[in-house]
Amino acid sequence: MVPTILVLSIVVFVIIQLPPGDWLTSYVAGMRAAGDEVSPERIDILRERYGFDQPMHVKYFKWITGIFRGDFGFSFSWNKPVGELIWSRMGLTLLVSISTLIFTWIVSFAIGLYSATHQYSIGDYLATFIGFIGLATPNFMLALILMYLSFEFFGYSISGLFSYEYANAPWSIAKLIDLLKHLWIPIIVSGTAGTAGLIRILRANLLDELGKPYVVTAKTKGVSNLKILFKYPVRIALIPFISTVGWTFASLISGSVITAIVLNLPTAGPMLLQALKTQDMYLAGSFIFFLSILTVIGTLVSDILLAIVDPRIRYK
Amino acid sequence: MEEKKAVVNGELLEDEEIYMSSQWELVWKRFKKHRLAMIAVGVLAVIYILSIFCGFFSPYDPHNYDKGYMNAPPQRARFFDEGEFNLRPFVYGYQSTRDPETFRETFTIDKSKKYPIYFFYRGDTYKFLGFFETDIHLFGVKEGKIFLMGADPMGRDLFSRILYGARISTSIGFVGVFLSFTLGITLGGISGYYGGWIDMLIQRTIEFLKSIPDIPLWMGLGAALPSDWGVIQVYFAITLILSLKGWTGMAREVRSKFMSLKEEDFVMSAELIGASKFRIILHHMLPSFLSHIIASLSLAIPRMILGETSLSFLGLGIRPPAISWGSLLQSAQKVRVISMAPWLLLPGIFVIITVLAFNFLGDGLRDAADPYS
Amino acid sequence: MSKLLEVKNLTVNFNTAEGIVRAVRGVDFEVDKNQVLGIVGESGCGKSVTARAVLNVLASNSEIMNGEVIYHKNNEKIDLLKLDKDGKEIRKIRGKEISMIFQEPMTSFSPVHTVGNQIMEAILLHTGLDKKEARQRAISILEEVGIPEAQSRIDDYPYQLSGGMRQRAMIAMALSCEPSLLLADEPTTALDVTIQAQILDLMRDMKEEFGMSIIIITHDIGVIAEIADQVAVMYLGRVVEEASVDDIFYDPKHPYTRALLKSIPKITKKDQKEKLLSIEGTVPDAYNIPSGCTFHNRCEEYMAGRCDKIQPELIEISPSHKVACLLYEKEGD
């Protein structure tokens, strides 16, 4: 995991350095254009801090050591240190992603189980059909359609995570309830594709397992069908289900970025897009870095879970 | 059958061909049974024909705008005018009124204006297949306008724009998958056949690439493309960005197939009679899982299409004047715009249909390719 | 001797995409208490389906069209096929009265549960024992079937055991509730020859110890010779001959049984050359079962105009020897 994050940091740094020109110059030019003068001392401090005159590896070294001290660089469009900007947004990103993951799991488990045990029933066909549509619809498209429908039929626009009056208020029970009221839309939007994928995986695995000889063995022991279903095939079909949590989580994080942009959520997505468009590269790079780290952690968690649920892996 | 393939002389190679064709026949036979996949093939054929000959099928130049028709709603081609049958289909004209309170322009159908539709109509010039300049369109109207799918906020014909957008959106899947395929099969093959440190290196790279979330990575790279790049450069750069992670899945699949095939008797016997490694890979190993690869390719194309659409939608992908389905959807970002002109979401419907069709096709191919599943 | 199980006119069909397969077509046999019945036949003859039909645990695309499976429980006669196949009554018989072992112990055990867990499942279900006692019972039965260090092996997962050990564990699981009848479906097929002999010995010992009956299903006539008391020979979903093991080996009546016996290699003196024979042709496609006697197209004693027209019934030609062949039916019947 540590080497992965190290390589990751290099890639992120390359992305930060990709835009042509040095952004200090464009920053100064931008400030001047806005009528603000930047003092030469400040320019010197910034130049020294980020090592602009120095070769690439020195710049990288300055950046990465800064991160260990909690200094992620400076956002020039916000005129604030990146560290101050990203945490609340990363926190909400994590909140949305984890709630979506839980939603995805519960829904796909229930539907997958139903589909597999009622193969070729109307419900199964319906689930398969909705699953296919869910896989084929881009997140942002679903968000746009939901927004359009709610605007057209209920007369309000569903965006953001908080109502206006709570947006900048300190945390309270009322704010939490307000958050929950808004949360379900991004959960559905970014969870649908993942849910559809997981339903298909679970259904296929479960159908596979239901035909295995050990199911017959359990039957000949006199175990009831329901108990067999949950003790054996479901348990075993859950292994790939759980092992995919890594990529499900990764794709949720990835997908939530675009959902958040359309729904204008106060999460990483919109600020990342904004930062990329204004070439505010330390901010953008930090977001990409942390989103990637979340993915790496997700993969790690799924490896650990896999070892817990599959004894065959544990003993290897 | 396998033993025959190992022997390399003229007569037996013929046998090999007979064997191969029967394998493909089997695949085809099984594929035909998959009704959804067959429908998907038809749908995709239509979409690709429309996109290849987009200039001919679209009534207007996609950049041709008319301020008088901003956000004009879709029209229906009709045969009946107040119950009276016309052999030549026609469209009704628009009546535009400005709402005195909101100053918003609204369009209503004006039944007094009737514009007949002419086929093989001479309109805007375009380059047929990119070579010959011509001005013949499948259909068009002489007076008024024909907006079968409405107009965009600049008063451009959405139908024409969708067809032109299809050219980029559907081809990027193919080009991207071709890149992924080449990379995946080469690196996966090397990894699986040689093993050792090179396998180790490639596997670590794949694991690493897989750990970066798609969209932020694409956004980061998409944003880094120089703004002065031309349409073609951006197109290939975007394809490259999308393929950056796409090859990893393919490589893993190829690797595991190579690992298991390496142990098979027919590969061993080919090695024993002194066939070169390259020849073994190309002639003996590749054909035995080509059908699998084709199936996973057809499942990779829709992912590419979705990726391009997302990137362009965010304004980090295909840039104007180039048109893709994603960039068309950019104009539909605000809920107010959509509620005024919901037809702006139509390019998204095309995305969904295309992706669905590819998924069904891929499923059908996968089932057909694997007789033992 | 008293009867334990009677199977009468058992008929099972499978619905497949290619059509209906008539896998078992009117099978009759009986098993007495403390007797070993061997059912032998080539693969695809319906012998495994027959075994599964006894406990009514067939695949979901199959249908029992006809027949009775009468189990004699003390003095009570129960038709197992009349019970709801997922109901409580039959579940009390499965595992407790009649249990079953399979060809492939690896896949017949769940890979993610320990052997002990799976053995204890039956014990907990059918006896009043608590978990601790059930575990003790499982350990002692594992010791009984010859698993060393049963105390620790009970917590092993199936893949940690060798093939022979797995089959022993499978037998332990089947015997854990001391059933009166053990259905063994090709229990030795997947094992090495030396292990095969050990497993057959074990089954014989267990039969003596528990006083149970066994129905052993196999394609290997050598296994039959080793363990069976009574033999039923099956061909394409029907029993073609049923007799004691001695009658089958020394006085086979049906041409199919004879051909089957000729196809086993024998150890003979060097100068006594005997050719190993195989049965001509292959088992016909189960979708198109031949008319008349289904064996007629491979039979050496084929009588044109009769064998391909009339389906012979299983008739008693001497006490305890039944055969279904027109050679033994009176002409003009």
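Which residue forms a salt bridge with Lys231(A)? The partner is Glu121(C), and the closest N and O atoms of the pair are 3.4 Å apart. The legends below begin with this pair.

This is a predicted model, in which local features need pLDDT of at least 70, side-chain atom pairs count only at pLDDT 80 or more, and totals for chains, interfaces and linings use all residues. Residues are numbered from 1 along each chain as its sequence is written, chains are lettered from A and ligands numbered from 1 in the order in which they are written, and side-chain values use heavy atoms, with hydrogens and water left out.

**View 1. The interface of chain A and chain C.** Two salt bridges (a side-chain nitrogen of Lys or Arg within 4 Å of a carboxyl oxygen of Asp or Glu) are found across this interface. One of them joins Lys231(A) to Glu121(C). In contact (heavy atoms within 4.5 Å) are 23 residues of chain A and 28 residues of chain C. The size of an interface is often given as the accessible area lost when the parts come together. Here the buried area (the accessible area, with a 1.4 Å probe, that two parts lose on being put together, summed over both) is about 2,300 Å², with 60% of it on carbon and sulfur atoms.

**View 2. The interface of chain B and chain A.** Each chain is represented in the contact, with 39 residues from chain B and 39 residues from chain A. About 3,400 Å² is buried between them, and carbon and sulfur atoms give 81% of this area. On the chain B side, Phe208(B), Leu314(B) and Val335(B) lose the most area to chain A, together 16% of what that side buries. The rule finds one salt bridge across this interface. Asp363(B) forms a salt bridge with Arg200(A), whose closest N and O atoms are 2.7 Å apart.

View 3. Leu85(A) belongs to helix 5 (residues 82-117) of chain A; helices are DSSP runs (H or I, at least four residues), numbered from the N terminus. Leu85(A) counts as buried because its relative accessible area is 7%, where buried means under 20%, exposed over 50% and partly exposed in between (1.4 Å probe, protein chains only). Apart from residues up to four places away in sequence, Leu85(A) touches Ser75(A), Trp78(A), Lys80(A), Met271(A) and Leu283(A).

**View 4. Val301(A) in its helix.** Val301(A) lies in helix 14 (residues 281-309) of chain A. This residue counts as partly exposed because its relative accessibility is 40%.

Technical notes
Helices (H or I, at least four residues) and strands (E, at least two) are DSSP runs, numbered from the N terminus.
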